[in-house]
Amino acid sequence: MKILQVEKFFDFQGGAPVYMHELAKRQREAGHEVHFFSTKSERNLPSADEKYFVERFDLRGAYGPLTKLRIAARFLWNREAQKNFARELDELKPDVIHLHNIYHHLSTSILAEIRKRNIPCVQTLHDYKLIAPNYGMFDHGAICERSKGGKYYMVIRHKCLSDHFLYNALAALEMYFTKATQAYERTVNLFLCPSKFLMEKMIDWGEPKGKFRLAPNPADVSPEPAPLGGGYLVFYGRLSEEKGLESLIRASATIPELPIKIAGRGPMEEKLRALVDELGAHHIEFLGFMSPPALDPIRRRAEALVYPSVFYENASLSILEAMGAGLPVLTTRIGGNPELVEDGVNGFLAIPNNVEDWKRTLRRFQATTPEIRKQMGEAGRDKVRKRHLWSDHLKLVEKYYREAGAKG
């Protein structure tokens, strides 16, 4: 089968391109021919398809007024993307198109070209952009569902995405345009949802129920379970507000005998370091950015992954990776997290952004024996084997390709 994978970023900026690259690699190993359409960047992986790629831009960049207007126009309808994508479709003639995140950089202009050629198309939903301009449904420290019922102007009123009027206005305008034209709904045959939570949210907000299919995010199971025994918890990911690290740090400050190692960078790093110093929580250590090979031995020796997110997580790859490695997981009762972690079985669940409940959760884990921790880790590995293996995921995605109409 000839597959065209489409994602706005072709480096490893976020979970969507990471997933796409791994999916494409495994599809090629399975004998499929895989091609790409994306944006240009010095950080991109090499690709024979880069001749089709288009300019990447940042609306938040320091540009002059005319350049900002040009970028804003492309935000809504990217003519370069439409032209290059049409050329790639005509030259490659793919059997199926697999969309990921295309908003802002590629725009819905490319969807028109898919419809013209009536090519089977599926889209993996990595966030909530199909229904909300605030695609993370998180704003100023809290869940945000203000735009439900077509109230997309709320993203402007509350500055949900940025302090800059233009960015919020464009996001709202884009949503009004895509919903008025039903651009995604008329183009995509099937929407693939990594979690039941996301799928139910889409349907609850009025999307066509018959077009959604569950495709749980995949993971590998390590040959041997992690040995644990390091005496610390580990967090790895972006240090941003929606990850909920502030409440975790405040709770942990009262339990210094359970150290935490935090790996990653992000906009909250300076504030979080200052909080640790203010609380005298010297058992909490910031490791900075770590490559996967450098992080792996630290993760394997940890007692558990701690993941205190406070927004609607879809299906966290970090949690799945930890489960596949055999770590218990301490996370929050929000979004798709409870679909991955069963309280008391393969980890513990805390109330998001609740310092007292995080104290209780940390104490619960602290009271477990090494034997129970290993049992929890093995329960997580079993769950990955039963529901999240890459081999099963590949078969499921191919099944959905054929259901969408792919013949190759």
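## Close-up views

D220 is partly exposed, at a relative accessible area of 46%. Buried means under 20% relative accessible area, exposed means over 50%, and partly exposed lies in between (1.4 Å probe, protein chains only). The model is predicted, so local features need pLDDT of at least 70 and side-chain atom pairs count only at pLDDT 80 or more, while totals for chains, interfaces and linings use all residues. Residues are numbered from 1 along each chain as its sequence is written, and side-chain values use heavy atoms, with hydrogens and water left out.

**View A. R26 and D220 form a salt bridge.** A salt bridge here is a side-chain nitrogen of Lys or Arg within 4 Å of a carboxyl oxygen of Asp or Glu. By this rule the model has 36 salt bridges. In the R26–D220 pair, the closest N and O atoms are 2.8 Å apart. R26 sits in helix α1 (residues 15-29) and D220 in the loop between β8 (212-214) and β9 (233-236), so the bridge ties together parts 194 residues apart in sequence. Helices (H or I, at least four residues) and strands (E, at least two) are DSSP runs, numbered from the N terminus. R26 is buried, with a relative accessible area of 17%. Both residues belong to a salt-bridge network that links E22, K25, R26, E29 and D220.

**View B. R213 and E403 meet in a salt bridge.** The N to O distance is 2.5 Å. R213 is in strand β8 and E403 in helix α16 (residues 390-404). This pair links distant parts of the chain, 190 residues apart. E403 is partly exposed, with a relative accessible area of 41%.

**View C. E398 and R402 form a salt bridge within helix α16.** Their side chains meet at 3.1 Å, N to O. The two residues are four apart in the helix, so about one helical turn separates E398 from R402. E398 is partly exposed, with a relative accessible area of 26%. R402 is also partly exposed, at 39%.

**View D. Strand β13 (residues 329-332) is covered on both faces.** In a regular strand, side chains alternate between the two faces of the sheet. In β13, V329 and T331 lie on one side, and L330 and T332 on the other. All four are buried. Strand β12 (residues 304-307) runs parallel to β13, joined to it by three bridges. Two strands pair if DSSP finds at least two bridges between them. V306 has L330 as its bridge partner in β13. From β12 the chain passes through helix α12 (residues 317-325) to β13, in a right-handed β-α-β crossover. Right-handed means that, with the strands pointing away from the viewer, the path from the first strand over the helix to the second runs clockwise. Strand β14 (residues 347-350) is joined to β13 by four bridges, again in parallel. T331 stands opposite L349 of β14.

**View E. The largest nonpolar core has 51 residues.** A nonpolar core is a set of buried Ala, Val, Leu, Ile, Met, Phe, Trp, Tyr and Cys residues joined through side-chain atoms within 4.5 Å. L233, I262, L305, L327, L330 and L362 have the most contacts inside this core. Helix α12 gives the most to the core, with five residues. Leaving aside neighbours within four places in sequence, L233 is in contact (heavy atoms within 4.5 Å) with residues including L258, I260, V306, L330, L362 and F365. Another core lies apart from the largest one and has 37 residues, among them Y52, A81, L89 and L106. In soluble globular proteins, nonpolar side chains tend to be buried together.

**View F. L272 is a buried residue of helix α10 (residues 269-279).** Its relative accessibility is 2%. Not counting residues up to four places away in sequence, L272 touches L239, L245, E246, I249 and F286. L272 and E246 are 26 residues apart along the chain, and their C-alpha atoms are separated by 6.7 Å.

**View G. K159 has a positive phi, and L228 has a positive phi.** K159 is not a glycine, but its phi is about 50°. It is found in the loop between α5 (154-157) and α6 (165-181). At 43% relative accessibility, K159 is partly exposed. L228 is not a glycine either, and its phi is about 60°. L228 lies in the loop between β8 and β9. At 3% relative accessibility, L228 is buried.
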